[in-house]
Amino acid sequence: MNLKKFGSLSATVALSLGLAACSSDDVENTVNDAQTAASEVADEASDAVDDAMDDGATDGATESTTSANDGAAGASDRGVDGAQAARDTALSVVAEAGDTDGVVVSQDWDDDGHWDIDIVAGSTLHEIKVKGDQVIERETDDVDDADTAAASAAVTIDDAIATALESTPGDLDEASYEDGRWEIDIDTSTTNDVEVHVDANTGEVRN
């Protein structure tokens, strides 16, 4: 509510009541004026309350829509196609840097809405963050023995992820290589997290 306007109308009411005390001949007119002023105050208050409620409802609806859109985008990014698209985006950046033989060795979903993807290209490990279809950060490091083993596995991380999601439908959370197998973490609709192991040589699920 506009407090200045409310104060002005309140003063009008007080002045009208004061005039009523000073002149008995104008009592009826004064009362009518006071009632009119009071009605205006009430209308102003009602309008202010309605405006506040409308603003709150609009803000709430906007926030809900934004949240829903963000959630939908996150779910899409974590699906089979979204995860593959993120790997392709990361590989294209590595290729542009001159390393056309890049191999994805791990992929991890970060709750702030991006993928952490590690790619081995020769003796270089590319650590890339992908959000949507954009690379938001890229760093490089030296590869270690685990990276080399993952890059040379007969079953690629792409095939391992596809196999795991086929056996356990859900959203990809993480995929990494460990001791001759791919460990695929999946968020499902019934449980928070399921770990599926895919043999890196045969491609079979072996939990």
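Q: How many helices and strands does the protein chain have?

A: The model is predicted. Its protein chain contains five helices and seven strands. Along the sequence these follow the order α-α-α-β-β-β-β-α-α-β-β-β.

Q: What percentage of the contacts with a separation of 6 or more comes from residues 24 or more positions apart?

A: Such residues account for 41% of those contacts in the protein chain. Buried residues, in turn, make up 31% of the 207 residues. The accessible surface of the chain is about 12,000 Å², and carbon and sulfur atoms hold 47% of that surface.

Q: Which residues of the largest nonpolar core touch the most other members?

A: A nonpolar core is read as buried nonpolar residues joined through side-chain atoms within 4.5 Å. Here the largest core has 32 residues, and I117, W182 and I184 are the ones that touch the most other members. Elements that each supply at least two residues of this core include helices α3 (80-96) and α5 (157-167), along with strands β2 (114-121) and β6 (181-187).

Q: How many salt bridges does the structure hold, and which parts does the pair of D158 and R87 tie together?

A: A salt bridge requires a side-chain nitrogen of Lys or Arg within 4 Å of a carboxyl oxygen of Asp or Glu. The structure holds six. In one of them, the closest N and O atoms of D158 and R87 are 3.5 Å apart. D158 lies in helix α5 and R87 in helix α3, so this pair links parts 71 residues apart in sequence.

Q: Are D158 and R87 buried or partly exposed?

A: The cut-off for buried is under 20% relative accessible area. D158, at 27%, is therefore partly exposed, whereas R87, at 3%, is buried. E183 and R181 form another salt bridge, with 3.0 Å between the closest N and O atoms; E183 is buried at 15% and R181 is partly exposed at 25%. D199 and R206 meet at 3.6 Å, N to O. Finally, salt bridges with shared partners join R78, D173 and D187 into one network.

How values were computed: Residues numbered from 1 in each chain as written. Predicted model: local features only at pLDDT ≥ 70, side-chain atom pairs only at ≥ 80, totals over all residues. Heavy atoms only, no water. Buried < 20%, exposed > 50% of the residue type's maximum accessible area, 1.4 Å probe, protein only. Helix = DSSP H or I, 4+ residues; strand = E, 2+ residues; numbered from the N terminus. Contact = heavy atoms within 4.5 Å. Areas by Shrake-Rupley, 256 points an atom, 1.4 Å probe, with all protein chains shown as cover.
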